[in-house]
Amino acid sequence: MHLQESCQGAALLMAAALLSLAGCVAPGQMMLAPGADKVRITKNPSDVSACVAVGTVDSRPELDSEVYMRNHTVGHNGDTLLITYDPSDQQGKLLANGVIETGVEYRCGKP
């Protein structure tokens with residue numbers, strides 16, 4: 001019976017830990033991937049003139065745009081993101097497919 005009580009206690013402790021962790025990130029909220037906080041974001045094409053394009057990214061309205069785009073850039077081994085479309089520059093218009101920002105991912109530093 002001691003083993004059963006121990007297992008029940010462990011299960012309760014695990015459930016409490018999971019519930020406390022669930023409160024750390026709100027539903028729909030994304031966390032930065034390792035290295036994503038170091039991605040440089042620019043709207044100036046001359047900032048990436050000596051860089052290598054590694055991909056493109058479109059944000060999604062249901063996600064945290066900046067976090068999503070930083071994570072995507074890191075996932076393509078990029079370190080710089082050139083925003084090519086920003087609705088704040090276009091009176092807040094969404095693109096037809098619901099995209100709110102678009103960008104080209106670049107690697108400007110050493111691979």
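This is a predicted model: local features need pLDDT of at least 70, side-chain atom pairs count only at pLDDT 80 or more; totals for chains, interfaces and linings use all residues.
The disulfide comes first. A disulfide is a covalent bond between the sulfur atoms of two cysteines. The structure holds one such link, and it joins Cys 51 to Cys 108, with 1.9 Å from S to S. The two cysteines are 57 residues apart, so the link connects distant parts of the chain. Cys 51 is in the loop between β1 (40–42) and β2 (52–58), while Cys 108 is in the segment after β4 (102–107). The angle about the S-S bond is 110°, and the link is right-handed.

Next come the charged side chains. Side chains of opposite charge can pair when their charged atoms come close. How many salt bridges does the structure have? The count comes to three.

One of them lies within helix α2, which covers residues 65–75. Here the side chains of Glu 66 and Arg 70 meet, at 2.8 Å from N to O. The two residues are four apart in the helix, so about one helical turn separates them. Glu 66 is partly exposed, at 44% relative accessibility, whereas Arg 70 is buried, at 14%.

Another salt bridge pairs Lys 38 with Asp 37, at 3.9 Å from N to O. Lys 38 counts as exposed because its relative accessibility is 65%, and the cut-off for exposed is over 50%. Asp 37 has 47%, so this residue counts as partly exposed.

The remaining pair is Asp 47 and Arg 40, whose side chains meet at 3.9 Å, again from N to O. Both ends are partly exposed: Asp 47 has a relative accessible area of 33%, and Arg 40 has a relative accessibility of 42%.

The last stop is Val 74, which is also found in helix α2. At 25% relative accessibility, Val 74 counts as partly exposed. Which residues does Val 74 contact, leaving aside its neighbours within four places in sequence? They are Pro 34, Gly 35, Ala 36 and Val 39.

How values were computed:
Residues are numbered from 1 along each chain as its sequence is written. Side-chain values use heavy atoms; hydrogens and water are left out. A disulfide is a pair of cysteine sulfur atoms within 2.5 Å. Buried means under 20% relative accessible area, exposed over 50%, partly exposed in between (1.4 Å probe, protein chains only). Contact means heavy atoms within 4.5 Å. A salt bridge is a side-chain nitrogen of Lys or Arg within 4 Å of a carboxyl oxygen of Asp or Glu.
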